[in-house]
Amino acid sequence: MAVFDYQQQIDNLKKKIEKSSFHPYFSQYVKPSMMDEDRILLLTYAMQDVDIPKEEIDTYISAAMLAHYAMEMHENVTEHQLTSVKEKQLNVLAGDYYSGLYYRLLAGYQNIELIKVLADAIKIINEQKINIFQMDGGNYHSFMKSLKQVESILLIKFNSHFNPPSLYNQFIAEFLLFKKLIVEIGNMIIGKQSRFIKSLANCHIPNIPEAAKLETICYKYATESKRKLEDMMMSLPTLPSVLKMRVNQMNNHYNDLSSLRVEEI
């Protein structure tokens, strides 16, 4: 499939998801989540050889994205400084609304097994979020392991439901971890204290000065993910060029951020 075809598929799915999730009341008060084209692309590639009708494939991808957005809306309640009780309540309700939509989409095809798969992924994500946000003096290796699952387990379980286990699952995990770390490195550079950074700050990180530990660990894991992605792309020759292009764009962004460092690791 050519770059244009994948982009067209992403655009079509974005419109489908936006249409199915629109609610006139929420749209007045709740800031909509940014549509994550990378996740749509990763899901689209995962389904390229699955022998089911395209409309059904689109519905399954839409359901997975709505499940992701449901968790994201619930996360907004604690991640951001919402200005009122009403705003918090509406974000929770919006998350519940997205959850109901993804169940309804899958129920339309009576795909009970996929509902179970996504529910299991959400359970794991919530468990790993608890590990991250309640970490107090824990090991930073465990922190990053939990973070990787939070970012990728829903897509990995979705892919594994339709396809046999493959290197592509590892690619998904590294891609989304690398993307997350780039965002958090950018947050540190501008002095934004996200929950991620606050939780990582509680980890016990030996032999690294306190002032440099967050930056050091984030760059360390981002560099490892960057290398792993480059190696995996060599072993996954059928990856679409648009996905390779996204990896290259992230690499360039990471290199730009690295050039801003005062000290080398």
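1. In which helix does glutamate 127 lie? In this predicted model, glutamate 127 belongs to helix H6, which covers residues 112–133. Its relative accessibility is 35%, and glutamate 127 therefore counts as partly exposed.

2. The overall fold can be stated briefly. The protein chain contains eleven helices and zero strands, and its pattern, read along the sequence, is α-α-α-α-α-α-α-α-α-α-α. Of the 265 residues in the chain, 48% are buried. When contacts between residues at least 6 apart in sequence are considered, 75% of them join residues at least 24 apart. The chain exposes about 13,700 Å², of which carbon and sulfur atoms supply 54%.

3. The largest nonpolar core has 82 residues, and the members that touch the most others are Leu154, Phe171 and Leu200. The element giving the most to this core is helix H4 (residues 54–79), with twelve residues. For leucine 154, if neighbours within four places in sequence are set aside, the contacts are Ala64, Ala67, His68, Met71, Leu118, Ala121, Ile122 and Ile125.

4. Glutamate 151 is found in helix H7, residues 140–162, and counts as buried because its relative accessibility is 15%, where buried means under 20%. Not counting residues up to four places away in sequence, glutamate 151 touches Arg39, Leu176 and Lys180. Glutamate 151 also takes part in a network of salt bridges, whose other members are Asp36, Asp38, Arg39, Lys179 and Arg246.

5. Helix H8 (residues 167–189) has 23 residues, and the distance from its first C-alpha to its last is 33 Å, close to the 33 Å expected at 1.5 Å a residue. After H8 comes glycine 191, whose phi is positive, near 80°. For H11, with its 18 residues, a span of 26 Å should result at 1.5 Å a residue, and the 25 Å between its end C-alpha atoms agrees with this. The buried residues of H11 are Val242, Leu243, Val247, Met250, Asn251, Tyr254, Leu257 and Ser258.

6. The structure holds 16 salt bridges, and one of them is formed by glutamate 174 and lysine 228, with the closest N and O atoms 3.7 Å apart. This pair links distant parts of the chain, since glutamate 174 is in helix H8 and lysine 228 is in helix H10 (residues 213–235), 54 residues away.

7. Side chains of opposite charge can pair when their charged atoms come close. In the pair of glutamate 224 and lysine 220, the closest N and O atoms are 3.0 Å apart, while the side chains of lysine 226 and glutamate 230 meet at 3.1 Å, N to O. Glutamate 224 and lysine 220 are four residues apart in H10, about one turn of the helix, and lysine 226 and glutamate 230 are likewise four residues apart in H10. An α-helix has 3.6 residues a turn, so residues three or four places apart point the same way. As to accessibility, glutamate 224 is partly exposed at 27% relative accessible area, and lysine 220 is partly exposed at 28%. In the other pair, lysine 226 is buried at 16%, but glutamate 230 is partly exposed at 32%.

8. What remains is a nonpolar feature on the outside. Ile189, Ile190 and Leu260 form a nonpolar patch on the surface, and their accessible area together is about 330 Å². Leucine 260 is placed in the segment after helix H11 (241–258). Its relative accessibility is 56%, so leucine 260 counts as exposed.

Conventions:
Residues are numbered from 1 along each chain as its sequence is written. This is a predicted model: local features need pLDDT of at least 70, side-chain atom pairs count only at pLDDT 80 or more; totals for chains, interfaces and linings use all residues. Side-chain values use heavy atoms; hydrogens and water are left out. Patches are made of residues with over 30% relative accessible area and no salt bridge: like charges are joined within 9 Å, nonpolar side chains (Val, Leu, Ile, Met, Phe, Trp, Tyr) within 5 Å. Accessible areas come from the Shrake-Rupley method with a 1.4 Å probe; for residues, only the protein chains shown count as cover. A salt bridge is a side-chain nitrogen of Lys or Arg within 4 Å of a carboxyl oxygen of Asp or Glu. Helices (H or I, at least four residues) and strands (E, at least two) are DSSP runs, numbered from the N terminus. Buried means under 20% relative accessible area, exposed over 50%, partly exposed in between (1.4 Å probe, protein chains only). Contact means heavy atoms within 4.5 Å. A nonpolar core is a set of buried Ala, Val, Leu, Ile, Met, Phe, Trp, Tyr and Cys residues joined through side-chain atoms within 4.5 Å. The expected span of a helix is 1.5 Å times one less than its number of residues.
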